[in-house]
Amino acid sequence: MKQLSAYLILSSALLFLMGCPPSSQSQKKMAPLFRITAVLDTGKEPSFLVTDDFDIDGNLDLVVLNSAQHTMSVYMGRGDGSFKDQVQYKTGADPICLAVADFNNDGFKDIAELNYQDQNIQIFLNTGRGGFKNSGKVIKPGKIPINLIAADFNGDGYSDLAVSLRFHKVAILFGRGTGGFKDPVAIPVKGQPTGLVVGDYNHDKHVDVAVALAGSGNVGVEILWGDGKGGFEKSKVFKGGGQPLTVANVDANNDGFMDLVTSSNSLHAMTMLMNNKDKTFKTLRDFSAGEFPKFVAAEDFTGDGIVDLAVSNSTHDTVAVTLGRGDGTFIYPPIKHYVDEYPQGLVAGDFNKDGRMDVAVSCRDKNLLTIMLKKNTAPPRQFTPKPASS
């Protein structure tokens, strides 16, 4: 791991360049929020990570992709912060992304798994006991798929998929409700799509898709406004950082409308896009959360009613938690938690059922999955909501 002094120098330089001097944005250094309670073996080069209750026992489970081994590892949670030994399943070549939904309408969550080298999607159906069976159906979404997300886009009660394709397209695959999907429908976007997230951003009760755009040309975030029937209206591109690779939902000002945050590896920066409630977003100034930020988890980690951000910083070997102010801005410096080499996938959940949010992170270079449980700390900061505007 790099020396703390070098990190502070780099962070200060970044803030100066972004017009955010540390003296006006900083607070006293805080103690870590989490403690490492378990380190689990994975396959080779664990990356993308998801959490859900797959066997419906009330305990959160974990699934991580092992990119260099072409497998995924499933860990069933015990509900006390510990997990059973991994069960590995063979995937396609170079798995890079997972989406969770009930694809065959049997009441159990299934997994859609995206393979970069094979350029396909495989569906793993839940056996009902926390295990999975490959459906045997190989889905071709289009050339060079990058990311995928699941939601019901046409209101038929079946889970669909959205897939970002490198050459300026997002493919929509409508589910049949049996674990199979119809042929992809390609939607052109205004840049090279990377991360995807879904939400009802304009409160019309239809699912929209937020698309992070990187590469050459337009960079930022484009919204595909869903009409509830499977169609989409495209927005303009909203500024969203330099080369954003991931995008996440966060109601950063507690107004009931979902905002967006992106992570940009090239600038070592995060960017908030605040929802104006009129199908537009206001982009705030970039802020630092660590070196080479990858995945983001947005939760209230302190219990004060304000959403915070946890970020995996790949080249600094940390998970950094940046505390929210409740107005869309975040406090500097972030609270650092050192983990093993090259943290990648990151999820938050209450793994020990104590009412506090915990974190799990995959560490690629050591083939490990690290579990960090929330400490029982002093009472949280008090949050006073802003009065409603007249």
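What percentage of contacts in the protein between residues at least 6 apart in sequence join residues at least 24 apart? I found 45%, taking contact as heavy atoms within 4.5 Å.

**Basis.** I worked from a predicted model, in which local features need pLDDT of at least 70 and side-chain atom pairs count only at pLDDT 80 or more, while totals for chains, interfaces and linings use all residues. Residues are numbered from 1 along each chain as its sequence is written, and side-chain values use heavy atoms, with hydrogens and water left out.

**Overall.** I noted two helices and 28 strands, these being DSSP runs numbered from the N terminus (helices H or I, at least four residues; strands E, at least two). Of the 390 residues, 55% count as buried, that is, under 20% relative accessible area with a 1.4 Å probe, protein chains only (exposed is over 50%, partly exposed in between).

**Strand β11.** I looked up residues 160-165 and found six of the six buried, so the strand is largely enclosed by the rest of the structure. D160, A162 and S164 point one way, and L161, V163 and L165 the other. I then checked its partners, where pairing requires that DSSP finds at least two bridges between two strands. β10 (residues 145-151) pairs with β11 in the antiparallel sense over six bridges, with A151 opposite D160. β12 (residues 169-173) runs antiparallel to β11 and is joined to it by five bridges; A171 is the bridge partner of V163. Three residues separate β11 and β12 in their hairpin, where H168 takes a positive phi near 60 degrees.

**G43.** I placed G43 in the loop between β1 (34-41) and β2 (46-52). G43 is buried, at 3% relative accessible area. Beyond neighbours within four places in sequence, its contacts include N66, Q88 and N367. R364 is 321 residues away in sequence, yet the C-alpha atoms are 9.4 Å apart.

**Aromatic pairs.** I searched the whole structure and found eleven, counting rings of Phe, Tyr and Trp (its six-membered ring) with centres within 6.5 Å; planes under 30 degrees apart are stacked, over 60 edge-to-face and the rest tilted. F54 and F132 are edge-to-face, at 5.3 Å centre to centre and 80 degrees between the planes. F54 lies in the loop between β2 and β3 (61-66) and F132 in β9 (residues 132-139), so the pair ties together parts 78 residues apart in sequence. Y89 and F124 are also edge-to-face, at 6.5 Å and 70 degrees. I recorded relative accessibility of 16% for Y89 and 1% for F124; both count as buried. Ring pairs link F54, Y89, F124 and F132 into a cluster.
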